[in-house]
Amino acid sequence: MNSFSAAITQLIDTFEAFPTVTYALIVGIFIAVCSSLLGVTLVLKRFSFIGDGLSHVAFGAMTFATVLGFLDNTYITLGLTIFFAVLLLRTNQNAKIKGDAAIAMISVGSLALGYLIINIATKLNIYTGNLSGDVCSTLFGSMAFTLIQRNEAILCIVLSLIVILAFIFLYNKIFAITFDEDFANATGTNANTYNLILAILIAIIVVISMKFVGSLLISALVIFPALSAMRIFKSFFSVTVFSVILSTFCTTLGFILSIMYSTPAGSTIVAVDIIAFSVCFVIGKLAGGNK
Amino acid sequence: MHQIECNNLVLGYDGKPILSGLSFFVDKGNYLCIVGENGSGKSTLMKTILGLKSPLSGEIKFGDGLKVKQIGYLPQQTEIQKDFPASVYEIVLSGCLSKCGLNPFYTAKHKELANKHINELGLDNLKKRCYRELSGGQQQRVLLARALCATEEIILLDEPVAGLDPKVTSQMYNLIDKINKSKHTTVIMISHDIGVAIKYATHILHIGKQSFFGTKEEYLNSDLLNKFDFKGGEISE
C-alpha cells in the first residue's frame, strides 16, 4: 500500500510541478476521441493495416524532416503522411500490386529508410541529437510528452477538432460507404470522395498521435476501442459512441498510471486498452451477443 | 420514351469484350428477368446500368423521368456485411442518403420514409435488431427496404435469393412481385432460375452466346428456351 500512496504523491507532485502535464492529458483525450471515432470504420472496412502502415510512413517522414533541420517538423510530416494515405488508398482500389502488399512495402520501406537517414545524418554530423533516444521515442512515444509546449498542444487540439467535426458531419455518409460501397455509388454518393477524406483524416490522426503513443502503437488506439465496442454493442451508432467513451477512459487511466509508476505513457495506455478489450470480450461472450 | 434503353452495348473487362451487341429496354412497371449461364456477364451488365462500370461501347439512355444514380439496388451480400454491427433501422435509413443532398443529417421526412418501408416489409419487430443476427431472408428484406428508400421507381436485384431455403425463396419472390404490382415499381432481376423468370417476369433478357430480348411470351415460343436446361421450374407457394 505504501508504494501506492507514494505513486499518488508522485502524481500530485507531477501535476503541480509541471503545468504542461495538464496540456498533455487534454491532448491525449482529444487523440483518443479522434482515433476511436475513425477506428470503427477502419476496422469494418478492413482498413486497419492502412493505419498501421501510415504510422510507419509518419516515422520515416519525421526523421526526414528532423534531419533536414526543420524546427517544427509536424507540418512536413503531416503533408507526407497525407500524400501516402491517398496513395495507399488508391492502390488498394485498383492496382497491379495488391493492397496488403503495397501497404507492407510502403510501411516497411519508410521505417527502414527513416532509420537509415537518421543514422547517416548522425555519422555526417548533420544531426547532433540523441540518436537512439529520439528513435525510441518516435517509435514508442516520447517520455517527454508531458513537457508538451502550449503551441504544440493547440495545434493538436485544432487538428483533432477538424477530425471530430468532419466525422460528425459525414457520419451518415461514412456509415453508407462502410456498409455498402456499391449501393452508395449506385444511388449517387461518390464513395471514392469520402474514402479520400477518410484517408486524410486517418493521416491527421496518425501524425498527431505519434508523439503521444509513438508510431508503433498508434494502430492500437485506433483498433482496440472499436473492437472492444463491437463485442458488446449491436448498432453502428452505439458502437461508435461506446468506443469513444471507452477510449477516453482507457487513455486517461493509462496516462495517470504512467505518471504514478513512471512508465511510458503510450505502452501503458495500450496495456489498459488490451485489458478493456478482454473485459468486453468476456461480457460479449456471456451476453451471447456476438456470434 | 423508355425508362432505360440500351443500344448495342459491349461489356467487358480491361478492354476485352465478354458480351456484345446487347440491346434492350425497360418501361415503367415492367418486370425484367436477366438470365444466362455463370460468367455470361449478368452482374457486369447490372453494374453498367447502375453506372458503377462504363460499357466498352454502346449507349444507355435514361428516360421517363429516371436519372442515372437514381436506382434502388439490392446487391449480393459482401464479406464485410456478415459481421457488421448495425441495426435494421440504421441500414434502411441509409437508403435515404441520396435524398439528403447537401444536408449532412436525415430529416423527419426521411425517418418516416424508412419506417414506412420497414413496416411494409414486415420488419417492425426487427427494427432494433442487429443485422448480423438476422436470418438470410430477413437480411434480404432489410436490403430491399433500403433500396425502396432510395427510390420506388426502379429496383435492380442481383440474385436476391442466393443462399435462401426454398420456402423463404418463394416468399421473397412473392414480395418482389407484390412490390412490382402494387407500387408499379420497375424490377430488373438477375436470376439463375428460368422457372421464376417465366412465372413472374413480363420481359426476359437471356444473355450468352446467343442473346435474346423480348416479352415472356416471345421467349416461351423461341427455340432458345429448349436449349437451356429447363426442368419445369414451377415454384411451390
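Residues are numbered from 1 along each chain as its sequence is written, and chains are lettered from A and ligands numbered from 1 in the order in which they are written. In this predicted model, local features need pLDDT of at least 70 and side-chain atom pairs count only at pLDDT 80 or more, while totals for chains, interfaces and linings use all residues.

**Chain A, whole**

Select chain A and colour by secondary structure. There are 12 helices and 0 strands; helices (H or I, at least four residues) and strands (E, at least two) are DSSP runs, numbered from the N terminus. Along its principal axes, the C-alpha atoms of chain A fill a box of roughly 55 × 50 × 30 Å. The radius of gyration of chain A is 19 Å, which agrees with the value near 19 Å for a compact globule of 291 residues. That radius is taken over C-alpha atoms, and the globule rule is 2.2 Å times the number of residues to the power 0.38.

Buried residues are 49% of the 291 in chain A. A residue is buried if 20 or more other C-beta atoms lie within 10 Å of its own, exposed if 12 or fewer, and partly exposed in between, with C-beta atoms placed from the backbone. Of the contacts in chain A between residues at least 6 apart in sequence, 75% join residues at least 24 apart; a contact means C-beta atoms, placed from the backbone, within 7 Å.

**Helix 3 of chain A**

Select residues 48-67 of chain A. The 20 residues of this helix should span 28 Å at 1.5 Å a residue, and the end C-alpha atoms are 30 Å apart, which agrees. The expected span is 1.5 Å times one less than the number of residues. Of the 20 residues in helix 3 of chain A, 18 are buried. After the helix comes A:G69, with a positive phi near 85°.

**Where chain A meets chain B**

Show both chains. The contact takes 25 residues from chain A and 24 residues from chain B. On the chain A side, the elements giving two or more residues are helix 7 (150-179), helix 8 (181-186) and helix 11 (236-260). Helix 7 of chain A gives the most, with 7 residues.

Strand 1 (residues 4-13) of chain B pairs with strand 4 of chain B over 5 bridges. To find one position in strand 4, pick B:K61, the bridge partner of B:E5.

**Strand 8 of chain B**

Select residues 203-206 of chain B. Both faces are covered: B:H203 and B:L205 on one side, and B:I204 and B:H206 on the other, are all buried. Strand 8 of chain B runs parallel to strand 3 (residues 31-35), joined by 4 bridges, and B:V35 has B:H206 as its bridge partner. Strand 9 (residues 212-215) of chain B runs antiparallel to strand 8, also over 4 bridges, and there B:F212 stands opposite B:H206. Finish at the hairpin turn: 5 residues lie between strand 8 and strand 9 of chain B, and B:G208 in the turn has a positive phi of about 160°.

Technical notes. Two residues are in contact if their C-beta atoms, placed from the backbone, lie within 7 Å. Two strands pair if DSSP finds at least two bridges between them.
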